[in-house]
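Subject: Structure handover

Hello,

Here is the structure I said I would pass on. Please open it alongside this email; my notes follow below.

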Amino acid sequence: MDSTAATSLATVWDEVFGSQPDPDTWVVVATMVAALAAIVPHPVWRLSRNAITIAHEGGHGLVALLTGRSLSGIRLHSDTSGLTVSRGKPTGLGMILTAASGYTAPPLLGLGGAALLAAGHITALLWLATLLLVAMLMMIRNAYGALTVLVTGGTFVAVSWLTGPQVQAAFAYAVVWFLLLGGVRPAFELQAKRSRGGAGDSDADQLSRLTHIPAGLWLFLFHAVSLCSLLAGANWLLNS
C-alpha cells in the first residue's frame, strides 16, 4: 500500500514538475493571434480585461503580504476596476512596492509564465496559476469578484484535468501571451485618462504622493516594465 502510494505520488510529481514537449510553431503563433483578438477590439477587451484586473489586484495583494502588510480584502468590479485594501504603515517602502505592483503584475506574471513554458513546464504553470487563483479567492470580498475568480480558476482546473497535452499547451501559451500583450494596454489607458484630467487617484498618483516623484515617471516605469516583459517573453515563446 505504501509502495503504491509512493509510486502514485512520484508519478504526480513527475507530471507536474517534469517537462512537456513544446507545441508546434504554428500553435505558438496562433495563440498569440488569439490573445491579440481578445485585447485589440474594444468590445472584447471590456470583457477580457477582467482577467488583467485579477492579475493587477492579485499583484497588489501578494506584494502587500510579502512586505509585511496585513491584507484586508480584494474587490473586483464589473467595470473591470478593482480595489485591494491592506493595513500597515501608510508610507515607506512596503506601501510603495504595494502600490507599484498593480500595473507591473500582469506583464511580470506573463514573463514568468514565458520562462516556465520555455523550459517545458506547461503543467507546472497551469497548477501554479490555479493555486494563486485559489489563494486570491480567499481574499475576495464581493460577489462579482468571487464569480470572476471562480470562473477563471474553474477554467484552469478543467483544462488541467479534462484535456490532453496539446490542448493544455495551447491554453497555457494563450494565457501567457494574453498577460504579456494585455499587460501593455492598461498603462496606455491610464495615460489617456490622466491626459483628460481623470484618474486622479490612480496608482501612479498615489506613488507620486508617497515618493514625491512625478506621476508621469511612474507611468514611464509601467510602460517600461510592460514593454520589456513583452519583448523578452515573446523572444522566449517564439524561440523555445
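First, a term. A pocket here is an open set of grid points with protein on both sides within 12 Å along at least five of seven lines, and its lining residues have an atom within 4 Å of a point. Keep in mind that this is a predicted model.

**Largest pocket**

The largest pocket has a volume of about 1300 Å³. Its lining counts 46 residues. Nearest the centre lie Ile54, Ala55, Leu109, Leu133 and Leu179. Several elements each give two or more residues to this lining: α2 (25–39), α3 (42–66), β1 (70–76), α4 (93–118), α5 (122–137), α6 (143–162) and α7 (165–182). Which of them gives the most? It is α3, with 13 residues. By class, the lining has 33 nonpolar and 13 polar residues, and no charged ones.

**Second largest pocket**

The second largest pocket has a volume of about 920 Å³. It is lined by 36 residues. His56, Glu57, Ser81, Gly82 and Tyr103 lie nearest its centre. Two or more residues each come from α3, β2 (82–87), α4, α8 and α9 (203–211). Again α3 supplies the largest share, here 9 residues. This lining divides into 12 nonpolar, 15 polar and 9 charged residues. Compare that with the largest pocket, whose lining has no charged residues.

**α3 against α7**

These two helices pack at an angle of about 90°, with axes 11 Å apart. Angles of 65 to 115 degrees count as roughly perpendicular, so α3 and α7 are roughly perpendicular to each other. On the α3 side, the contact uses Trp45, Ser48, Ala51, Ile52 and Ala55. On the α7 side, it uses Phe178, Leu179 and Gly182. The classes are 6 nonpolar, 2 polar and no charged residues.

**α4 against α10**

How do the axes of α4 and α10 cross? They cross at roughly 5° and come within 8 Å. That makes α4 roughly parallel to α10. From α4, the contact takes in Ile96, Ala100, Tyr103, Thr104, Pro107, Leu108, Leu111, Ala114, Ala115, Leu117 and Ala118. From α10, the partners are Trp218, Phe222, Val225, Ser226, Ser229, Ala232, Gly233, Trp236 and Leu237. By class, there are 16 nonpolar and 4 polar residues, and no charged ones. Tyr103 of α4 belongs to this contact, and Tyr103 also lies among the residues nearest the centre of the second largest pocket.

**α8 against α10**

Helix α8 covers residues 185–195, and helix α10 covers residues 215–239. Their axes come within 9 Å and cross at roughly 160°. An angle over 145 degrees counts as roughly antiparallel, so α8 and α10 are roughly antiparallel to each other. The crossing is left-handed. Ala187, Phe188, Leu190, Gln191 and Arg194 in α8 touch Ala215, Leu219, Phe222 and His223 in α10. Those residues divide into 6 nonpolar, 2 polar and 1 charged. Phe222 of α10 meets α8 here, and Phe222 is also part of the contact with α4.

Best wishes

Key
Residues are numbered from 1 along each chain as its sequence is written. This is a predicted model: local features need pLDDT of at least 70, side-chain atom pairs count only at pLDDT 80 or more; totals for chains, interfaces and linings use all residues. Side-chain values use heavy atoms; hydrogens and water are left out. Axes are lines fitted to C-alpha atoms, for helices over the stretch in contact, and angles run from 0 to 180 degrees between N-to-C directions. Helices (H or I, at least four residues) and strands (E, at least two) are DSSP runs, numbered from the N terminus. Angles under 35 degrees count as roughly parallel, over 145 as roughly antiparallel, 65 to 115 as roughly perpendicular and the rest as oblique. A crossing is left-handed if the near helix is turned anticlockwise from the far one by less than a right angle, and right-handed if clockwise. Contact means heavy atoms within 4.5 Å. Ala, Val, Leu, Ile, Met, Phe, Trp, Tyr, Cys and Pro count as nonpolar, Asp, Glu, Lys and Arg as charged, and the others, Gly among them, as polar. On a 1 Å grid over the protein atoms alone, a cavity is a set of points where a 1.4 Å probe fits but cannot get out, and a pocket is an open set with protein on both sides within 12 Å along at least five of seven lines; lining residues have an atom within 4 Å of a point. Grid points are joined across faces, edges and corners, and a volume is the space filled by probe spheres set on the points.
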